[in-house]
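Here are some notes to read with the model open beside you.

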Amino acid sequence: MENLKRALWEMAKAALSYTVYCLFAMAILAAIVKAASPAQTVVTVSCWILKIIGCFVFSLIFIKRPRAIFKGLAAGLAGTVLAMFAFAAVGGGFHVSLFFLLELAACALAGGAGALLGTKLRKDA
């Protein structure tokens with residue numbers, strides 16, 4: 001039971017930190033977009049890059065052994081869904097497309113990869 005609580009706490013920390021990061025990163029990106037007016041493709045790719053980097057980094061930081069890859073996958077999925085709900089609350093509604101499934105998969109894989117690398121780099125766990 002203690003291992004389950006610890007695992008859920010690790011995933012929650014990673015997912016919540018990722019969500020807060022997404023809100024701040026997208027706010028900064030919105031300011032840049034407002035000033036520079038790049039093409040829509042550039043904005044979309046920049047958003048995806050920021051999200052994938054966030055999933056990777058926060059899983060790398062917060063997820064520990066055992067079963068790190070599964071906890072990282074779950075943290076990536078949970079963080080992406082939480083970020084979607086946060087953006088819906090701020091923006092006034094859901095705007096989900098078919099690319100959201102691809103985003104879920106990419107963020108889950110990034111979370112799993114970050115957690116796996118974090119356990120390989122961490123010597124104490």
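1. Let's start with helix α3, residues 68-91: its 24 residues reach 33 Å from the first C-alpha to the last, close to the 34 Å expected at 1.5 Å a residue. Helices here are DSSP runs (H or I, at least four residues), numbered from the N terminus, and the expected span is 1.5 Å times one less than the number of residues. Before going further, please keep in mind that this is a predicted model, in which local features need pLDDT of at least 70 and side-chain atom pairs count only at pLDDT 80 or more, while totals for chains, interfaces and linings use all residues. Residues are numbered from 1 along each chain as its sequence is written, and side-chain values use heavy atoms, with hydrogens and water left out.

2. Which residues of α3 are buried? They are A68, K71, G72, A75, G76, G79, T80, A83, M84, A86 and A88. Buried means under 20% relative accessible area, exposed means over 50%, and partly exposed is in between (1.4 Å probe, protein chains only). The cover over these α3 residues includes α1 (2-36), α2 (40-62) and α4 (99-121), with contact taken as heavy atoms within 4.5 Å.

3. Helix α1 has 35 residues, which should span 51 Å at 1.5 Å a residue, and its end C-alpha atoms, 50 Å apart, agree with that. Its buried residues include A7, E10, M11, Y18, C22 and L29, and the buried residues of α1 pack against α2, α3 and α4. After α1 comes S37, which has a positive phi near 55°.

4. On to the charges: the whole structure holds 3 salt bridges, each a side-chain nitrogen of Lys or Arg within 4 Å of a carboxyl oxygen of Asp or Glu. One of them pairs E10 with R6, with the closest N and O atoms 3.4 Å apart. Both residues lie in helix α1, 4 residues apart, about one turn of the helix. An α-helix has 3.6 residues a turn, so residues three or four places apart point the same way. E10 is buried at 3% relative accessible area, whereas R6 is partly exposed at 37%.

5. E10 also meets K71 in a salt bridge, 2.7 Å from N to O. This pair links distant parts of the chain, as K71 is in helix α3 and E10 in helix α1, 61 residues apart. Both K71 and E10 are buried.

6. Please look at K51 and E103 too, whose side chains form a salt bridge at 2.9 Å, N to O. K51 lies in helix α2 and E103 in helix α4, so the pair ties together parts 52 residues apart in sequence. K51 and E103 are both buried. Shared partners, meanwhile, join R6, E10 and K71 into one salt-bridge network.

7. How many disulfides does the structure hold? The count is 0, using a cut-off of cysteine sulfur atoms within 2.5 Å. For C22, the nearest cysteine sulfur is that of C55, 6.8 Å away. C47 is in no disulfide either, and its nearest cysteine sulfur, that of C22, is 9.1 Å away.

8. Finally, the surface: V45, I49, I53, V57 and I61 make a nonpolar patch of about 390 Å². Patch residues have over 30% relative accessible area and no salt bridge; like charges are joined within 9 Å and nonpolar side chains (Val, Leu, Ile, Met, Phe, Trp, Tyr) within 5 Å. V45 is in helix α2 and counts as partly exposed, at 43% relative accessibility.

Terms used. Helix = DSSP H or I, 4+ residues; strand = E, 2+ residues; numbered from the N terminus. Areas by Shrake-Rupley, 256 points an atom, 1.4 Å probe, with all protein chains shown as cover.
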